[in-house]
Amino acid sequence: MKSFHHRKLFSLAILGVAALSLAGCSQKKYNSASAKKTVSVSSNASISTMDSSLNTTLVGAQELSNTMEGLYRYSGNKLEPGVAKSIAKPTDGGKKYTIDLKKTKWSNGDPVTANDFVYAWQRMVDPKTASQYSYIYSGVKNADDIVAGKKKPDTLGIKALNKYKLQVTLEHPIPYFDTLVSGAQFYPLNKKAVTASGSNYGITSKGMVFNGPYKLENWKAGDTEWHDTKNNSYWNAKNVKTDQLKWYVITDPNTGLNLYDTNMLDRLNNLGGDAAHQLSNNKDFSTTPQNSTYYLETNEKKFPFMKNKKLRQAMALSINRDELSNIILGKTGIPAHSVVPQDMSKNPKTGVDFTDEPSAKADRKYTNYDPAKATKLWQEGLKETGQKNVDFTFTADDTDTTKKMSEYIQDTMQKNLPGLKITLSNVPFKTRVQRQSTKNFDMIGAAWIADYPDPTNFLDLFTKGNPNNDGSWENAQYDKYVKNSETKDVNNPEKRWNDMLAAQSIITKEQGAIPVFQNTNAALTKQNVKGFEQTPTGLYNMADVYKK
């Protein structure tokens, strides 16, 4: 999913009106008796939509997790029943799931029924919805044909057997089905609320109803502050110990540190490299590797000459990932040699990590820093494509750490690749995502965080026709291996694993997407705040978070 020492560095007086406004609001909170029941958390971006069919960002996914609930929910690394009574066992060779639902309610008092899941799932794959995530339903009966416009949404392999019993039919077994349907793309929707809001659904909290631990109130898309209030209609409300979550968008690291120092934030996420270096010995400091990869894509539709793999290989070899991770990113990134993150998936037979398999290690020669080879390949690629000079605008986010990372990549590429000129365009997260989805870029820095902890969640991104294949790289053999891992070899764990390894080898050799680093969340958390445990999908179950 698409997909920041510590002393007060500056006086609050010079941090601007926004910071002072937040300070005043938060100080009032901490002087009240309700402070213990409120947890304040930083976010690095605003929410662009609360429509679970349209969201593509990690920030949106986190807020949807706070306020909604699907069949299952993660608590740390443990998958537990959500709306479902239990985690269903498949029948018919792994192709059919019959799921009994609890009698739960929406925040307006309406019952959450099997038909709410049917409506939401059919809406997700309906071409009229234009969801960038519709492909994630591939494997559910008729999903691919519906997305392609060949069949109607009501033929999707999901039906309500009665008010509280759901049946899902697959075209083939999906090994990670349980984890998959815990994600926001599979949440139920209240049809009455969606229909009443029309085109405004998901861009304002007005008219929305929720079935999760919290309710989002008085919010509209783009807000830099939002509040979640405990949802007393939630079936497990008695175990939600926090009454209110307050979220603040903070992109300036000095602002964040000062607000944390003055007890106006309980959790400061996404610390940048400089701060992470200085804070590494602080008792509140922690780092959490994420199932997330940051990578570069060049726009092959706009620049057909970038179909030349030597040019992409040269760009990959021009980056010293160890230097970038250790010096620029500090404790906020790990060198990435594959689009699939490390420590996420293990060989079902040997237990070896996917990125440590012999073929993956051998392919690191395509990403290990080699400026001489980079220069040679670049010059050969230019000659083969008839190019003399290449001018690229590099689009990336505008956070402090990303700006420094962008400058580093600009410098090292221009130094090692003669004739390449890179102009930086650091923009707000929302703008970058918009440019990415509309393919309005030359070169872009993108990140993906796992929706489910399986290599295919990353490998799928770069198959032909995938809405998230922003650079439009194509390789038929790659597509074949990915498809085989999800269809004909799905019941053979060893063959499936080898299919995925073969696909990884192709994209690494071709540098269809150039992996740069694996994201790590460096954060500060107050000692009296408990429960911030990351799930395999990169989110936090905020129902577990509380103050002692």
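**Pockets, domains and strand pairing in a predicted model**

The second largest pocket has a volume of about 730 Å³, where a pocket is an open set of points on a 1 Å grid over the protein atoms alone, with protein on both sides within 12 Å along at least five of seven lines, and where a volume is the space filled by probe spheres set on the points, grid points being joined across faces, edges and corners. This pocket is lined by 31 residues, and those closest to its centre are Tyr135, Ser138, Asp144, Asp460 and Glu486; a lining residue has an atom within 4 Å of a point. The structure is a predicted model, in which local features need pLDDT of at least 70 and side-chain atom pairs count only at pLDDT 80 or more, whereas totals for chains, interfaces and linings use all residues. Residues are numbered from 1 along each chain as its sequence is written, and side-chain values use heavy atoms, with hydrogens and water left out.

The protein is divided into domain 1 (34–248 + 526–547) and domain 2 (290–520), with bounds that come from an automatic or database domain assignment. The C-alpha centres of the two domains lie 30 Å apart, and 21 residues of domain 1 are in contact with 23 residues of domain 2, contact meaning heavy atoms within 4.5 Å. Because domain 1 and domain 2 both give residues to its lining, the second largest pocket lies between them. Helix 4 (143–147) and helix 16 (476–486) each supply at least two residues of this lining, and helix 16 gives the most, with four residues; helices (H or I, at least four residues) and strands (E, at least two) are DSSP runs numbered from the N terminus. By class, the lining of this pocket has 15 nonpolar, eight polar and eight charged residues, with Ala, Val, Leu, Ile, Met, Phe, Trp, Tyr, Cys and Pro counted as nonpolar, Asp, Glu, Lys and Arg as charged, and the others, Gly among them, as polar.

At least three residues of the lining come from each of domain 1 and domain 2, while helix 2 (58–67) and strand 2 (72–75) each contribute at least two.

Strand 2 also pairs with strand 3 (residues 78–81) in the antiparallel sense over four bridges, two strands being paired if DSSP finds at least two bridges between them. Tyr72 has Pro81 of strand 3 as its bridge partner, and the two strands form a hairpin with two residues between them, in which Gly76 in the turn has a positive phi of about 65°.

An open sheet of three strands has the order 4-8-7, with antiparallel pairing. Strand 4 (96–100) and strand 7 (158–162) stand at the edges with a single partner strand each, so one side of each is left without a neighbour in the sheet. The twist averages 20° from one strand to the next, with axes taken as lines fitted to C-alpha atoms, for helices over the stretch in contact, and angles running from 0 to 180 degrees between N-to-C directions. Strand 4 and strand 8 (residues 165–169) pair over five bridges, and Ile99 has Leu166 in strand 8 as its bridge partner. Helix 3 (residues 114–125) packs on this sheet, touching strand 7 and strand 8, and its direction makes about 165° with that of strand 7.

Terms used: On a 1 Å grid over the protein atoms alone, a cavity is a set of points where a 1.4 Å probe fits but cannot get out, and a pocket is an open set with protein on both sides within 12 Å along at least five of seven lines; lining residues have an atom within 4 Å of a point.
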